[in-house]
Amino acid sequence: MKEITFYYDIVCPFAYVASRLVERLAERNAASIRWAPVLLGGLYKENQSQSPMQTSCDAKKKIISEDFTRTFHRYNVTINFPASHPMNSLSAMRLLAATPDSNTSNIRRELSHALFSSYWIENKDLTSSDVLQDISKTVGWNVNVEEVIQVKGKTLLKDNTKEALDYGAFGVPSFVVNGKLFWGVDNMHLVEKELGNVDAALLRLVRPPTYPQSATLTIYHDLASPWSFIGSTQIEHLVHSLKPVNVKVESVPIVVGSLFKQIGTPVVPMRVLSPAKLAYLSRNLQDWCDYHGIKGFRFPSHFPLRTVLPMRVLLANDKADDRLQAILYKAAWIDDKDVGDKE
């Protein structure tokens, strides 16, 4: 039977969302789930990193917070954000690691859901042994919580975290299918693809439009970004998928390095990533290209790209001809041309 290994820590809100989605995903694909609790702080420590909410500039923190809200709304997941977040989850995760393996018992799955709800809805103090004892009893696991945490949980949680690190994990939620790592709620459709579901797709619209209306989509982009390149190939499809909404697209060329400098973030973010995260994101770019049917993508030998000149050319293109933009993106990210060379 196909299997998904699900690495999670209850302290992560996106792992909470994933815990509400992963069982339906597994059911759609006739797969089993191996619930594998890890310590997020341990993943950060070994990758010499920290939570993005601690290290990001204010502008990115705002985007992350807004993404929280959109994600919970999109997937209809209840949340009552705890004032005490982030709470120390070490004892809770050691307790989970000590439960019977999810292949032989439902205790780990049920306790995981109970702890996620206790943290993200009921705002219970999961640092308290008494609270953990009560929650364990509600799922029918009648053990001495403090003893289990110290005797078994400490070692087993460390083992799970090391296992995740060996697969290249650097955060949660993470998933492993067929020995391949996937990270994040926004990559769960790629988990389905790996399970063999050729029709797996992103959830597009919470409420599909039902009557004609108008909207403006403003896209700030730079040829220097591989994500801008991937996005540029999908605009036409996106606009078509929104019918009967009439979408006016405004494409605004910028120099992303200058933007990063002004908001106080590294000018070339990839240069400050941990080796594990850099390796993963490089593979993930190809996964997204494969998902969208983009052929021939390759990382430019001229990276980081010098794009001041071509972005000025796009700004000067007063005809707003999308063909020139497409030609330049293709030159940079498929043909490996130095688009910053005026010749």
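The points below are grouped by topic, after a short note on the model and its numbering.

This is a predicted model, in which local features need pLDDT of at least 70 and side-chain atom pairs count only at pLDDT 80 or more, while totals for chains, interfaces and linings use all residues. Residues are numbered from 1 along each chain as its sequence is written, and side-chain values use heavy atoms, with hydrogens and water left out. The domain assignment of the chain gives domain 1 (3-195) and domain 2 (214-334); such bounds come from an automatic or database domain assignment. The structure holds 22 aromatic pairs, and a search of the whole structure finds 11 salt bridges.

**Aromatic pairs**

- Rings of Phe, Tyr and Trp (its six-membered ring) pair if their centres lie within 6.5 Å; planes under 30 degrees apart count as stacked, over 60 as edge-to-face and the rest as tilted.
- Tyr-8 and Phe-116 form a tilted pair, because their ring centres are 5.9 Å apart and their planes stand at 40°.
- Tyr-8 belongs to strand E1 (residues 2-8) and Phe-116 to helix H6 (residues 107-120), so this pair ties together parts that are 108 residues apart in sequence. Helices (H or I, at least four residues) and strands (E, at least two) are DSSP runs, numbered from the N terminus.
- Tyr-8 and Phe-116 are buried, where buried means under 20% relative accessible area, exposed over 50%, and partly exposed in between (1.4 Å probe, protein chains only).
- The pair of Tyr-16 and Trp-120 is stacked, at 6.3 Å centre to centre and 10° between the planes.
- Tyr-16 lies in helix H1 (residues 13-28) and Trp-120 in helix H6, so the pair ties together parts that are 104 residues apart in sequence.
- Ring pairs link a cluster whose members include Phe-6, Tyr-8, Tyr-16, Trp-35, Phe-116, Trp-120 and Phe-175.

**Surroundings of Trp-120**

- Trp-120 is buried, with a relative accessible area of 0%.
- Not counting residues up to four places away in sequence, Trp-120 touches residues including Ile-10, Cys-12, Tyr-16, Phe-81 and His-85; contact means heavy atoms within 4.5 Å.
- A polar atom of the Trp-120 side chain lies 2.7 Å from the backbone oxygen of Ile-10.
- From Trp-120 to Thr-218 the separation is 98 residues in sequence and 34 Å in space, C-alpha to C-alpha.

**Salt bridges**

- A salt bridge is a side-chain nitrogen of Lys or Arg within 4 Å of a carboxyl oxygen of Asp or Glu.
- Arg-109 and Glu-23 meet in such a bridge, at 3.4 Å from N to O.
- Arg-109 is in helix H6 and Glu-23 in helix H1, so the pair ties together parts that are 86 residues apart in sequence.
- Arg-109 counts as partly exposed at 24% relative accessibility, and Glu-23 is partly exposed at 27%.
- Glu-163 and Arg-34 form a salt bridge at 2.7 Å, N to O.
- That pair links distant parts of the chain, 129 residues apart, with Glu-163 in helix H8 (residues 145-166) and Arg-34 in strand E2 (residues 31-37).
- Glu-163 is partly exposed at 24% relative accessible area, whereas Arg-34 counts as buried at 16%.
- In the salt bridge between Lys-124 and Glu-122, the closest N and O atoms are 3.1 Å apart.
- Lys-124 is partly exposed at 33%, and Glu-122 is partly exposed at 44%.
- Salt bridges with shared partners join Glu-23, Arg-109 and Glu-110 into one network.

**Domain 1 and domain 2**

- The C-alpha centres of domain 1 and domain 2 are 32 Å apart.
- Their contact takes 14 residues from domain 1 and 11 residues from domain 2.
- The two domains bury about 1,200 Å² between them, 65% of it on carbon and sulfur atoms; buried area is the accessible area (1.4 Å probe) that two parts lose on being put together, summed over both.
- The rule finds 1 salt bridge across this interface.
- Strand E4 (180-183) and helix H9 (188-194) each supply at least two residues of the side of domain 1 that touches domain 2.
- E4 gives the most to that side of domain 1, with 4 residues.

Technical notes:
A polar contact is a pair of N or O atoms within 3.5 Å; within protein, one must be able to donate a hydrogen and the other to accept it, and residues adjacent in sequence count only if both atoms are side-chain atoms.
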